[in-house]
Every structure is written in structure tokens, then in C-alpha cells.
Amino acid sequence: MNGPVGSGAGRVVLGVSGGIAAYKACELLRRFTESGHDVTVVPTAAALEFVGAPTWAALSGKPVATGVWSDVHEVPHVRIGQSADLVVVAPATADLLARAAHGLADDLLTNTLLTARCPVVMAPAMHTEMWEHPATQANVSTLRDRGVVVLEPAVGRLTGADTGRGRLPEPAEIFEVAVGVLARGAGGADLAGRKVVVSAGGTREYLDPVRFLGNRSSGLQGYALARAAASRGAHVTLVSANVSLPDPAGVHVVRVETTAELRDAVLAATPTADAVVMAAAPADFRPTSVSDAKIKKAQDGSSPVIELAQNPDVLAEISRDRSREGAVVVGFAAETGDETGSVLDLARAKLARKGCDLLVVNDVGGGAVFGSDQNEAVILRADGTSVDVPRGSKTALSHVIWDEVLRRFAL
Ligand code: CTP
């Protein structure tokens, strides 16, 4: 970093290019300034058609340089990029991605991108056709190959009545990824070019249209893993079972409810994946039959009997049928320990039984982990060694898990 601006804070350049989502960059800017970052906004000429310079100046608390010909004696076209700790471009239009990929320097933002040596995050937003066009996809690949963290756009309502992929991710989520990138510094995009699959949440097995068997998994750990991988440049598919959290920025989210749906979604994404992390809690059992109508209480007061069938074990299945050589498979184990063994004894037996490469073990005696943003774990490796991860945020644990996955890639 280039000098103190407060603990964990940095000099951030917020590049804004000319799309309707430029108004959402105002909220992103607020999040940076409110958390102590020093933000220089660099809007393109087209961005200023959507949101004017006074808004950027008021929200950033500084003058806004809008072109290479203003304040020339300060050489802003070089200085802004050189002194940045992080450049975030949100929204990044198809045109901006093209100019950045080809190294053009025809305005202040593209000059800044050429002179910056810090991490760069781009959050594209455009119509689906423009995003899917081979020209845009080639530009995105070029930028990712150079270590730029280009987030996948979200799916949802676009300008006008149409919906599809191309929406700017929520500002709060772009902010989370950006601060993760800032914290890791240059070279932090060490998962660039890797495809990873993360499952999160708890599955539901329906008894009838309104009742289900479920579990207490909040999805927080899986979402933290997905966000951490995205901030390290990975292409992330997040298979999400009944989680009520906002979609992490730049992540492809597949929603499922039951273990069978989760299995289908994970197996569909696995053949091209470099790593699969099963942070979800799939229900082990499902009712043998699901009633189409709501089940009524018996008039005679008798208790219903629910017959259960065992669900497939997704982790064991992907560990057994490795569809890709060198792919790393990670499981989670929530254990309490019992009369047959300690938490770690049971976890070691589970690692062997499931056949995964790494097993992240939580001691859930007392239920401390569920819904908490903190976690403490031991990561067991298949070779019998282990890493203790002291109590800390689920984000911190996520980064240790990805470090371990990277270690396996190198073996
Ligand atoms: N898992 C899975 N499919 C299931 C159940 C669990 O893929 N049907 C995965 C979880 O995502 C997790 C790991 O297996 O990564 C361990 O989950 P856990 O519930 O601890 O394991 P179980 O096999 O259910 O073992 P236990 O008998 O201890 O409940």
C-alpha cells in the first residue's frame, strides 16, 4: 500500500463507465468512504451522461477528474493509477472491457488502468447479448489472463422490461469482493483460470406441499467460500440450498431444494471443475413418499409414521468418480464426538470413508457454528497431516481452505 489511510483501508480508484447501472456505483462509493478508504472517482465521459461530476465529488469528498486535459500539471493520467492500492470499475461496459483488453489509452480511466500496478476488479453490466458476444468473452478472457478479477454479471432485470445475465451485482457484494482483493494485494488472484464448485445451505426433503425435514445450516460458510474464491479470480458455481443471503458478486448461483436436486447440480458442474467444496448439509434421509396434499391429523389421535429412505452421498460419489484428473474434493464434517470416538477420530474415519482430499472439521457440540459469522476448524489432509484454524471469521477460514486447495494443485 502507498501510505497510511487507516487500518485495512487503502487508496481506491473507482472507475465508472457509461451504463445505466452507474447510479449503483454511488452506493459502492459510499461503502468505500464510510469504511475509511480514500476514493478517487474516475468516470468516463459516457458515465457522466448518467451521473454528473457533482454527485461523485460530493460522495467522495474530493474533486473529480473527468479527463486527461484537466489539471495537466499534476499529470493525473499517470499519477492516479500509480498511487492506487486497488482499482474497481463498476459498471464496466462492453466498450470499457474492450478498450482495457486492448490497452487503449483514450481517456483518463483507460490511462489509469494502464498505469496501475495494483489489483484490478471489474464488475461488468450490459445486455445479455453484449455479454455473451464472442468479442466481449474474448476481452474478458484476456483481462482475466492478466490477473484482472472480472466478476460474472448477475442474472435479473436489465434496463427496460427484459431479464437475463448482465445485471450489475449488488453494490454491497461488489464491495465485499473488492475489500477481499485489496486485503490480498497484488498477486492475490491466485485462483485465476480455475473453475470451482461450492455447495452451501441445507437441503429440504418434503413430506407434503408445506412440510419438510430440514437442518440448521445457514449457508454462511459456503457463501464465504464462494466470495473468497471469486475475490481470488476463480470462476465459481455456487449450488445453494435454501439460503436467504444475497448472491455473492461474480458468482454463478444455482438454486436447489432437495438432496437429489443438489446432487444433479453439483454433478453437472463437476466435470469441468478444478475443485469441489461440499460445504452444504444435504439431508441424509428423505420420506419414501411425498404426499400431493397436506397431510391431516388422524381423527383417532394416532401418531403418523414417516418412513425414510437414505439419500445418495454426493461427496462420496464425486470423490469416487473423479471426472477430472487433479481435481480437488473438499468435504465438511460437523461432529460432536460420541462414545465411539472423539471429534477428530470420527472425522478421520469420515475422510477415509468419503475418499475426499481435504475434510474441514467443525466441533458442533453446543451448536456454536450455526448462523454465526465465526468458525473454528481443523482441516484434515488425506495424507494424515492436518492444519488447525483458530477461531476467526468464516471468510478467514475460507481463505485457508483455498490455500490448501492451491497446495493440492501444486502436488
Ligand atoms: N454430504 C453429501 N451428501 C450427503 C450427506 C453429506 O455430500 N447425503 C457431504 C456434506 O456436504 C459434507 C460431508 O458429506 O461435506 C459430511 O457431511 P456429514 O453430514 O458430516 O456426513 P454424513 O455422511 O452425513 O455422516 P454422519 O453419518 O456423521 O451424519
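This is a predicted model: local features need pLDDT of at least 70, side-chain atom pairs count only at pLDDT 80 or more; totals for chains, interfaces and linings use all residues.
A backbone N or O atom of Leu315 lies 2.7 Å from an oxygen atom of the ligand. For Phe332, the separation between a backbone N or O atom and an oxygen atom of the ligand is 2.8 Å. Considered by itself, the ligand exposes 570 Å², and the protein buries 77% of that area.

We may now turn to the site as a whole. The ligand sits in the largest pocket. Its shell consists of 14 residues, the closest of which are Ala280, Asp284, Leu315, Lys350 and Lys354.

At least two shell residues come from each of three elements: helix H12, spanning 314-320, strand S16, spanning 328-335, and helix H13, spanning 343-354. Of the contributions to the shell, the largest share is that of S16, with four residues.

Because its relative accessible area is 8%, below the limit of 20%, Ser319 counts as buried. Along the chain, Ser319 and Lys354 are 35 residues apart, yet their C-alpha atoms are separated by 6.9 Å.

Thr203 occupies the loop that lies between strand S8 (195-201) and strand S9 (205-206). With a relative accessible area of 1%, Thr203 is buried. A polar atom of the Thr203 side chain lies 2.6 Å from the backbone nitrogen of Ala283.

The other threonine, Thr258, is located in the loop between strand S12 (251-256) and helix H11 (259-269). Is Thr258 buried or exposed? Its relative accessibility is 16%, and a residue is buried when this value is under 20%; therefore Thr258 counts as buried. A polar atom of the Thr258 side chain lies 3.1 Å from the backbone nitrogen of Glu261, a residue whose number falls within the range 259-269 of helix H11.

Terms used:
Residues are numbered from 1 along each chain as its sequence is written. Side-chain values use heavy atoms; hydrogens and water are left out. A residue is near a molecule or strand if one of its heavy atoms lies within 4 Å of it. A polar contact is a pair of N or O atoms within 3.5 Å; within protein, one must be able to donate a hydrogen and the other to accept it, and residues adjacent in sequence count only if both atoms are side-chain atoms. Accessible areas come from the Shrake-Rupley method with a 1.4 Å probe; for residues, only the protein chains shown count as cover. On a 1 Å grid over the protein atoms alone, a cavity is a set of points where a 1.4 Å probe fits but cannot get out, and a pocket is an open set with protein on both sides within 12 Å along at least five of seven lines; lining residues have an atom within 4 Å of a point. A molecule sits in a cavity or pocket if more than half of its atoms lie within 2 Å of its grid points. Buried means under 20% relative accessible area, exposed over 50%, partly exposed in between (1.4 Å probe, protein chains only).
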